[in-house]
Amino acid sequence: MTVQTLDTGPWYREPWPWILIAIPASSVVFGFLMLSLALGTNNSLVVDDYYREGKAINQRIERDRRAAELGVVARVETGGEELALVIGGRDGEAASAPMLPPQILLRWAHVTQDTRDGQAILRPVGAGRYASPGGPDDPSPGFPDDGRYRIHIEPFGGDWRLVSPVLVLSDTGTFTIEARAPRPAPEPSS
């Protein structure tokens with residue numbers, strides 16, 4: 001009877017032990033990666049003070065309702081360095097005095113990244129038209145040229161506001177934001 005011996009090298013020169021070791025080792029590496037991401041990033045969508053946010057929501061609903069009563073419509077025109085806003089009423093009617101404040105705050109809020117949010121202060125240039133002054137004296141950043149944003153238009157010291165649905169912005173363009181009455185709160189069931 002002949003005995004055949006296999007000439008095998010040490011275990012660490014074989015591929016299968018390393019493949020089996022790599023599976024749990026990769027889990028450990030990815031676990032540390034996820035832990036560092038969780039500890040190192042800030043979740044900007046989390047609210048700290050729910051009570052204050054709830055009170056602010058009621059005020060915003062009233063301002064939305066007031067804009068719907070006045071029939072406020074805004075047309076935002078973007079192009080190059082200039083940012084313009086035209087305030088008017090429904091069906092192209094001229095804007096009434098409550099709609100035309102001395103200054104308007106136009107804010108844009110990115111749907112997921114608060115670092116891409118911004119605002120501009122617009123001043124009247126006549127006939128319900130507002131524009132940002134632009135130039136080196138204007139502290140406001142430029143209007144975003146890409147991304148998904150919600151546009152907020154509110155007068156300084158005014159009692160109305162407009163909020164757009166989520167818009168996909170491009171380099172230049174014109175879009176219209178119309179006042180919508182907020183939906184009533186659902187009746188509590190008993």
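This note goes through a predicted model of one protein chain, point by point.

1. Overall make-up. The chain has 190 residues, of which 28% count as buried. Among the contacts in the chain with a separation of 6 or more, 54% are accounted for by residues 24 or more positions apart.

2. Surface. The chain exposes about 13,500 Å², and carbon and sulfur atoms supply 56% of that area. One nonpolar surface patch, of about 480 Å², is made by W11, Y12, W18 and I21. Within this group, Y12 has its place in the segment before α1, the helix of residues 15–40, and Y12 is partly exposed, with a relative accessible area of 46%.

3. The helix α2. Which residues of α2 are buried? They are D64, A67, A68 and L70, and because the buried residues fall within an arc of 155° when seen down the axis of α2, they line one face of the helix. What covers these buried residues includes β7, whereas the face of α2 turned away from its buried side carries the exposed residues Y51, Q59 and E69. Just after α2, G71 takes a positive phi of about 70°.

4. Side chains of opposite charge can pair when their charged atoms come close. A search of the whole structure finds nine salt bridges. In one of them R161 pairs with D64, and the closest N and O atoms are 2.6 Å apart; since R161 lies in the loop between β6 (147–155) and β7 (162–163) while D64 lies in helix α2 (residues 50–70), the pair ties together parts that are 97 residues apart in sequence. R161 is buried, with a relative accessible area of 11%, and D64 is buried as well, with a relative accessible area of 16%.

5. A further pair between these elements. D159 forms a salt bridge with R66, in which the closest N and O atoms are 2.9 Å apart. D159 lies in the loop between β6 and β7 and R66 in helix α2, so this pair ties together parts that are 93 residues apart in sequence. Are the two partners buried or partly exposed? D159 is partly exposed, with a relative accessible area of 37%, and R66 is partly exposed, with a relative accessible area of 27%.

6. A salt bridge between two loops. R116 forms a salt bridge with D146, the closest N and O atoms being 3.2 Å apart. This pair links distant parts of the chain, for R116 is in the loop between β3 (104–110) and β4 (118–126) and D146 is in the loop between β5 (129–131) and β6, 30 residues apart. R116 is partly exposed, with a relative accessible area of 30%, and D146 is partly exposed too, at 41%. Beyond these pairs, salt bridges that share partners join R63, R107 and E154 into one network.

How values were computed
Residues numbered from 1 in each chain as written. Predicted model: local features only at pLDDT ≥ 70, side-chain atom pairs only at ≥ 80, totals over all residues. Heavy atoms only, no water. Patch = residues over 30% accessible without salt bridge, like charges linked within 9 Å, V, L, I, M, F, W, Y side chains within 5 Å. Areas by Shrake-Rupley, 256 points an atom, 1.4 Å probe, with all protein chains shown as cover. Salt bridge = Lys/Arg side-chain N within 4 Å of Asp/Glu carboxyl O. Helix = DSSP H or I, 4+ residues; strand = E, 2+ residues; numbered from the N terminus. Buried < 20%, exposed > 50% of the residue type's maximum accessible area, 1.4 Å probe, protein only. Contact = heavy atoms within 4.5 Å. Arc of directions from axis to C-beta.
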